[in-house]
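Subject: Handing over a structure, with notes

Dear colleague,

I am passing this structure on to you, and my notes follow below it. Please look through the sequence and the model first, and then read on.

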Amino acid sequence: FNHCPQEKLEAWQGFLGIEIYNGLVRAHPGNPLATDRWDMLLGQGRRVWGFANDDAHHAGNEGIAWNMVQSVSNDAPAILEALRAGRFYASTGVTIDSVRVSGNSIRVSTRDAQRIVASIDYGRRVAHADAPEIAFTVPNDVECSYVRFECYGPGESMAWTQPVFIGP
C-alpha cells in the first residue's frame, strides 16, 4: 500500500504539502491516514502542509474529507495564496473555529471536537484536552520545531491543524 515511498518524499524538494488523509482508502486496503509520514517530514525540518482529500473516483465518494481555507475572498488566486501560506485546516467533519498563537502558547477552539491532542516533533503527543478547546504552551525545557493538533469528534470525524513552527 506504499503508493509513494517515504524515501521519495524525503528526497523531493519544492512541494507544498502531502495528503495526510485520503477518504477513498477507507474502503480499500491500507490506511487513509498518513500523519506519521507527515511527522517524519516535519521532524526533519521540512515545512510542508497537510491536506485531506476525497480522492473520489465515483459518485458517493465525495464529501468525506476536505480542506477549510481562511481566505480574503473565494476567488482562485486568493485561495491559492492562503493554501501556500498554510491558512487552512484539513477535516473529515470537525470544525475548527480558531487557532490563536501568542509566543509559545497556542489555543485551538473547535465547535465539536471531543478530544484535542497536541503533537510535536515526530508525532510525540505532549498534551490533550477532552474538550472542544485546548490551550498549550511549549515548555522551555522541551526542544521542538513544530506543534500541530489533531481534533477528534463523534464517530470518525477529525480535523488537523497545520503545524505551528517554533523558532526560526
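Where is the place of glutamine 70? Glutamine 70 is in the loop between strand E3 (66-69) and helix H3 (76-85), where helices (H or I, at least four residues) and strands (E, at least two) are DSSP runs, numbered from the N terminus. Before going further, please note that this is a predicted model, in which local features need pLDDT of at least 70 and side-chain atom pairs count only at pLDDT 80 or more, while totals for chains, interfaces and linings use all residues. Residues are numbered from 1 along each chain as its sequence is written, and side-chain values use heavy atoms, with hydrogens and water left out.

Glutamine 70 counts as exposed, at 57% relative accessibility; here buried means under 20% relative accessible area, exposed over 50%, and partly exposed in between, with a 1.4 Å probe and protein chains only. Leaving aside neighbours within four places in sequence, glutamine 70 is in contact with Ala82 and Arg87, contact meaning heavy atoms within 4.5 Å. Glutamine 70 and leucine 80 are ten residues apart in sequence, and their C-alpha atoms are 11 Å apart in space.

Arg87, one of those contacts of glutamine 70, leads to the salt bridges, each of which is a side-chain nitrogen of Lys or Arg within 4 Å of a carboxyl oxygen of Asp or Glu. By this rule the count comes to seven salt bridges. One of them joins the side chains of arginine 87 and glutamate 81 at 2.6 Å, N to O; arginine 87 is partly exposed at 29% relative accessibility, and glutamate 81 is partly exposed at 39%. Arginine 111 and aspartate 97 also meet through their side chains in a salt bridge, at 2.8 Å, N to O. Because arginine 111 lies in the loop between E6 and E7 and aspartate 97 in strand E5, this pair ties together parts that are 14 residues apart in sequence. A further salt bridge is formed by the side chains of aspartate 130 and arginine 115, at 2.5 Å, N to O. Aspartate 130 lies in the loop between E8 and E9 and arginine 115 in strand E7, so parts that are 15 residues apart in sequence are tied together here. Aspartate 130 is exposed, with a relative accessible area of 55%, whereas arginine 115 is partly exposed at 33% relative accessibility. Salt bridges that share partners also join Asp39, Arg125, Arg148 and Glu150 into one network.

Two members of that network, Arg125 and Arg148, are among the residues that serine 119 touches, the others being Arg124, Tyr146 and Val147, when residues up to four places away in sequence are not counted. Serine 119 is in strand E7 (residues 115-120) and is buried, with a relative accessible area of 2%.

As for the interior, a nonpolar core is a set of buried Ala, Val, Leu, Ile, Met, Phe, Trp, Tyr and Cys residues joined through side-chain atoms within 4.5 Å. The largest such core has 20 residues, and those with the most contacts inside it are Val108, Val147, Phe149 and Cys151. E6, E7, strand E9 (133-137) and strand E10 (146-152) are the elements that give two or more residues to this core. A second, separate core of 16 residues includes Leu41, Val48, Ala65 and Ala90.

Strand E5 (residues 96-102) pairs with strand E6 (residues 105-110) in the antiparallel sense over six bridges, where two strands pair if DSSP finds at least two bridges between them. Valine 99 stands opposite valine 108 in E6, and in the hairpin of E5 and E6, which has two residues between the strands, glycine 103 takes a positive phi near 65 degrees. Tyrosine 122, in the loop between E7 and strand E8 (124-129), has a positive phi of about 60 degrees although it is not a glycine.

Finally, the charged end of arginine 47 sits over the ring of phenylalanine 165, 4.2 Å from its centre; a charge sits over a ring if NZ of Lys or CZ of Arg is within 6 Å of the ring centre and within 35 degrees of the ring normal.

With best regards
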